[in-house]
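Visitor: I would like a close look at one part of this model. Please start with how the parts are arranged, then go into detail.

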Amino acid sequence: MSSSEKRRNTTPTAGAPAVELLRINKWFGAVHANRDVSLSVAPGTIHGIVGENGAGKSTLMSILYGFHRADRGEIRIAGRPVAIRGSEDAIAAGIGMVHQHFMLVDTFTVVENVILGAEGGRLLAPGTHRARGELAELASEYALEVPPDALVGDLPVGLQQRVEILKALYRGAEILVLDEPTGTLAPQEADHLFRILRRLKGQGKTIVLITHKLREIMAVTDRISVMRQGRMVAHRDTATTTVAEIAELMVGRRVLSQVEKEAVKPGRDLLSVENLRVRDDRGLSSVRNVSFSVRAGEIVGIAGVAGNGQSELMEALAGLRPVVGGRILVAGKPVGAGGRLRRRLGLAHVPEDRRRMGLVMPFQARESAILGHHDDPRYRRAALFDWAAVSRDTAGKMDAFDVRPADPRRITAAFSGGNQQKLVLAREIERDPLVLLVGQPTRGVDIGAIEFIHRRLVAMRDAGRAVLLISAELDEIMGLSDRILVMFGGTIAGEFPAGRATERELGLLMAGAAGRERSAP
Amino acid sequence: MSIVATGPAAGLPRWAVLGLLPALNLLAAFAISGLIVLLIGENPWEAVRMLVWGAFGFQEAIGYTLFYATNFIFTGLAVAVAFHCGLFNIGGEGQAYIGGLGMALVCLYLDFLPFALIVPAAVVGAALFGAAWAFVPAWLQAYRGSHIVITTIMFNFIAAAVMAYLLVNVMSRPGSMEPESRDFALHARLPLMHEALGAMGIDIAASPLNLSFLWALLCCAVVWVFMWHTRAGYRLRTAGASPPAALYGGISPPRQIIVAMVVSGALAGCMSLNELMGVQHRLVLEFTAGYGFAGIAVALMGRGHPVGIVLASLLFGALYQGGAELSFEIPGITRDMVVVIQGLVILFAGALEFMFVPAVRAVLLRSSGG
């Protein structure tokens, strides 16, 4: 079936909403993920859906795309009730989905990825040929240029995302759902995406945008729906609302977006990095001669688009990745090869991927809460673990960091993202380290917990410790850091004191558009 | 313990994972076995009655059941220990076989030692040789990335070839064509349970059950303490659950692979104590008889926990012993039929472990979710 044939299925009834969800209910076990959720999206608009993690937005979109079936409720597309049992039904109804984690085959070319599942025959050549033509058309129509014969794995993230969008359009999507589309994009790439979305809207497409980044949603949408704890709590026209109002609706109370900080009074260097060189997993040099230091009473933030060496830098500092050249000093003392001496010298590390690295998901919380410190004699009696002592210790940490439920024997995976992160932070901070390395501290964490985590990081700094922060959230970097370093292509592309960096400057450096607007350190 | 809440059965309550699922699997295996029995014109209820009676109906039967269970405990524990480190040790068969060689070398060539020394020496010999046979695939996995499943399977074949060569050419009984060693000296044998208890004035019926059963139970306790109460066990489980987390915690995953496989191989090797030192009293060809493979089903059914492994071993022991009685008492049900029933249990408890998860989940959720 060609895409034009599919388009016929969705001739709109005049005046009907493009998508209508009526009293959708979904349970996962005892969890009521969607409660009587109703949503109406007008055709030819960009509609934002916001909410904290676990508010039920992804569930709702999974129902729309046929990954889950609603236990109760109705879906109408262009005024007509439809039964969506799987993604084929969704595609036939003209719905296209761009997932947060791309569903692309890295070793296929762009064209091959686009026709995947819509090859249109036993032989590939005719379909490929037609796709090439249509791709060129779509590309010029929507500013979606992508090299058709490049391997997807070789493309930067922003272009991979365009391939996802092209895939949906090629299948005749009239309604495009994007799930957290800017998570891995540099600000400039995100801007380009928004231009594409506006253009799609101009051509009559309907766009549903799921995100937790409020400023973006304010910039690009026509209308905003807010979800909280499985319910749809409010609908607002973007033109008549404010970021503060939406944030309050999301959380259910007022939130402080800015962290209160006293003026910085930095002391001696607690972490010094001299001419550090590190290779990535493929053996390519990913950190090139990087030097910097973090002083006592200072938070230094490293901004950068994912894949520019920040992760490798962090792993090298934590002792998880071999150092090819250069030196790392903690409080003036050089660290050894592995992670053990570093811990003893007072270096703590909150890894960016807490699910893989920071915690052991199938373990009880108390078992996860001693990871890296499991040799501590306080946790054992003679040769055996003293689990009662470990439980007491863990309960204390859970108490101090407000981990809920405060049950040391609960399986780690059963905690919410925010509580898992608090457990990692509790484990690392409660030992009062001199230097704290933190990667993506608030990724996948709800707004309430974000505030708490930020306050704890600032408290460490105020106590005269050094904090090195890596985050994909520019807001977070700008809100917390006393100094900001920008990484691009494995080098430090710029350094700014707090307050003097504008988002535009940082964005340009992050994207490698080196205007070299370097201010004096 | 810790593996209860992950995998396909994630989110189900503990009692459902540990009790209900194995029970359902067992029931399914028996239901199909029953159909087959019906098909060949016998009465399935009578067959079940005979099977249970044959396994637990009289003292001698219980002795045999426990004797078989001993083999399963060793090989089941072996598979479980490796599994906690994320490794599928398919080589229990070969490790048990070579463990038997180590044990036999002690019993044949160190029999100048008194009984009190030769027993621990034989245990060490069995464990050491089993561990050594597991070490090679472990090292290849840890430091060269050769997949442990492939290498341990290949090592089973190598073990079989090595043992056949040794028994035919080197260790065979002088003046005999049989591929078996000479008999162990009288003091290089494990006392049978009825002899040992008889010496203490307790009379039980004669059966091959011997003192290695106690060693198997002790191994269960040791594995339990090791796995959940020592740092070594913590390191091993961390590396098994998440290698990146292990690395982060200062634990070397390759080293844990070695530790897990060496312990696993040592446990598998101990199987020979029961079979050879306890009963056969000589080294014979293929004494492992598939126990190493059945250990996989035992470990899966026992959810990797020593208590579960003991229970699953009892079940398999009962199937072996009860099955033998069954084929003896009901001529229509041959020995091969019994193998089919055992195979079905292994199939449902091992390979199709999670088949009923969706159904169980649906039923439980409907009753709790409203």
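How many Å separate the centres of domain 1 of chain A and domain 2 of chain A, taken over C-alpha atoms? And please take helix H14 of chain A as the part to examine closely.

Guide: This is a predicted model. The centres of the two domains lie 34 Å apart, taken over C-alpha atoms. The domain assignment of chain A gives 2–104 + 157–251 as domain 1 and 269–358 + 435–510 as domain 2. Their contact takes 12 residues from domain 1 of chain A and 14 residues from domain 2 of chain A.

Now the helix. H14 of chain A covers residues 387–400, which makes 14 residues. Buried residues of H14(A) are Trp387(A), Ala389(A), Val390(A), Ser391(A), Thr394(A), Lys397(A) and Met398(A). Buried here means under 20% relative accessible area. Note that Lys397(A) is on that list.

What do these buried residues pack against? In chain A, their partners are helix H13 (365–368), strand E18 (384–385) and helix H15 (417–429). Chain B contributes helix H8 (212–229). Just after H14(A) comes Asp402(A), with a positive phi of about 55°.

Next, the wider setting. In soluble globular proteins, nonpolar side chains tend to be buried together. The largest nonpolar core here has 106 residues. Met103(B), Leu273(B), Leu283(B) and Leu326(B) have the most contacts inside this core. Helix H3 of chain B, residues 59–84, gives the most to the core, with 12 residues. The core also draws at least three residues from each of domain 1 (1–30 + 353–370) and domain 2 (76–293) of chain B.

Take Leu326(B) from that group. Leaving aside residues up to four places away in sequence, Leu326(B) touches Ala47(B), Met50(B), Leu51(B), Ile333(B), Val338(B) and Ile341(B). Another core, of 44 residues, lies apart from the largest one. Its members include Val290(A), Val435(A), Leu485(A) and Ala245(B).

A search of the whole structure finds two cavities of 30 Å³ or more.

Notes: Residues numbered from 1 in each chain as written. Chains lettered and ligands numbered in written order. Predicted model: local features only at pLDDT ≥ 70, side-chain atom pairs only at ≥ 80, totals over all residues. Heavy atoms only, no water. Core = buried A, V, L, I, M, F, W, Y, C linked by side-chain atoms within 4.5 Å. Buried < 20%, exposed > 50% of the residue type's maximum accessible area, 1.4 Å probe, protein only. Helix = DSSP H or I, 4+ residues; strand = E, 2+ residues; numbered from the N terminus. Domains from an automatic or database assignment. Contact = heavy atoms within 4.5 Å. Expected span 1.5 Å × (residues − 1). 1 Å grid on protein atoms, 1.4 Å probe; cavity = no way out; pocket = protein on both sides within 12 Å on 5 of 7 lines; lining within 4 Å. Points joined across faces, edges and corners; volume = space filled by probe spheres on them.
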